[in-house]
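Student: Please take one part of this structure and look at it closely. I would like a single connected explanation, with the terms spelled out.

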Amino acid sequence: MFKKIDLKNKTALVTGAGKGLGKACAIALAEAGAKVIIISRTLSDLIKVEKLIKKTKGSCLKFECDITDIDKFKIILKKIKRLDILVNNAGNNRPEHFTQVKKENMEYLVELNMKAAFNVAQMCSQKMVELKSRKKVGGSIINMSSQLGRVGAPIRSVYNMTKFGVEGLTRGMALELGKYNIRVNSMCPTFVETPMVKNFFKNKKFKQQVLENIPLGRVAQENDVSTAVAFLAADSSSSITGTSFMVDGGWTAK
Amino acid sequence: MVKFLRDINLKNKTALITGATKGIGRSTAIAMHQVGASIIAIGRNTKDLLSLKKRLKNRIKCIECDVNDYEKISKIIKNLNRIDVLVNNAGTNLPEPFLKVKKSSLETLLNTNTKAAFNIAKLCTDKMLKLKNRKKFGGSIIHTSSMFGLVAGPNRTVYSMTKFGLEGLTKGMAVDLAKSNIRVNSVCPTFVATPRAKKYLANKDFNKYALSNIPLGRIATESDVATAITYLASDAASMITGTNIIIDGGWTAK
């Protein structure tokens, strides 16, 4: 039997939901029937995403928060009744040659991509475990990683370090949360046509190098990734945990 | 408006499924039929094929054939109008300790799991490429691999050898066929509640070994695997190639 992607009666929290992949995931989860809680640093972005979610007839709660601010995030979680799905998405990248990496950039990426991702995952898991029927209902956490969580790339040493870290976190969490029926997977896209990547692609040479490395010869679209995230969030994937879900057009197959 | 949640459907697609009489193959035929595919089911057992045909109210083409019969299977594939999806599923296992592996067991597994899988993949790819607008239309091949295509288990040297081989074949094919927009992936399930696995799991020690190695504490269902295969077959997965979906409840995350 085919198990349709259906998130009715589920509440999902998405960080970094103001733009790009986070925004796409938030809308996809709403399209699948979930109540969505969107978090971003930028209120004006949240308002736009909220409008798009309302258009899908989905319900949405928005909170302006920088996820490196743990105390603020904790207060937000207290306002939420329940949580079934986390898309741990907020992250950033500051490409620099290894020998030139600025200390402040390294620290910024470690703080955001690793420390904040860990804290958000831990606090949300605590919230998820509170539900008495969790074992029956199940839960799903998707950590936003990257193909660069699996392979190296030029001027990405810090990004590589943080995303390989997210891969390790995913596996560790999956082992410990399995007994609560909370599944944990990572999402590893190739370059996706997001505002951040469009900016990188202003460099024509870089764009050409990227396309040469993707056997399918094209970058991913936001909905390639958001559909896969919805699949991992739903009971469609109820035996999938502790894995990396590659949406990379064959980049890492080489 | 762009949908962020893509529909998983196989309308206007023809899928060939080997080993379709039982277990994962049979469930995949049912799942794909549910989302609109035309199905060609290949299997050795007439009675099982008839039962599948009855289950799908005759709206399925069943052909009796042993995948090891190269002449017969190549004639069957050549005579088909078109193939858009291949579920290269037929496979077997004869668990024996490494030092006791019989020459005949080794040959059986290499013949079915490796050679026949390769031959059918090649024959079906030839057929797929006959369609003039293949590049626009896309194609998808899914190999039924196993978590033992990624890690070892006791008494499974030969099985692991053949399934690790399928993982390699998947990546090689993905790289070679990307330019034709044919995607190639594998699914790697843990023990699934199939007729074959149920026999193994009837043994108490084996049951304990299996469940204690699965962080989610349960084996997978045929539907879990059939759903992942159906997703990979559909255009909803159009950026996914050269990878595997691991449906193992966390077995390989350890």
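**Helix 1 of chain B and its surroundings**

Tutor: Helix 1 of chain B is followed by G36(B), whose phi is positive, near 100 degrees. Helices here are DSSP runs of H or I with at least four residues, strands are runs of E with at least two, and both are numbered from the N terminus. This is a predicted model, in which local features need pLDDT of at least 70 and side-chain atom pairs count only at pLDDT 80 or more, while totals for chains, interfaces and linings use all residues. Residues are numbered from 1 along each chain as its sequence is written, and chains are lettered from A and ligands numbered from 1 in the order in which they are written.

Helix 1 of chain B has twelve residues, which at 1.5 Å a residue should span 16 Å; the expected span is 1.5 Å times one less than the number of residues. Its end C-alpha atoms are 17 Å apart, which agrees.

Eleven of the twelve residues are buried, so helix 1 of chain B is largely enclosed by the rest of the structure. A residue is buried if 20 or more other C-beta atoms, placed from the backbone, lie within 10 Å of its own. Among the buried residues are G23(B), R26(B) and H33(B).

Now the contact between the chains: chain B and chain A put in 39 residues each, two residues being in contact if their C-beta atoms, placed from the backbone, lie within 7 Å. On the chain B side, helix 1 (23-34), helix 6 (157-177), helix 9 (222-233) and strand 7 (244-247) each supply at least two residues. Helix 9 of chain B gives the most, with six residues.
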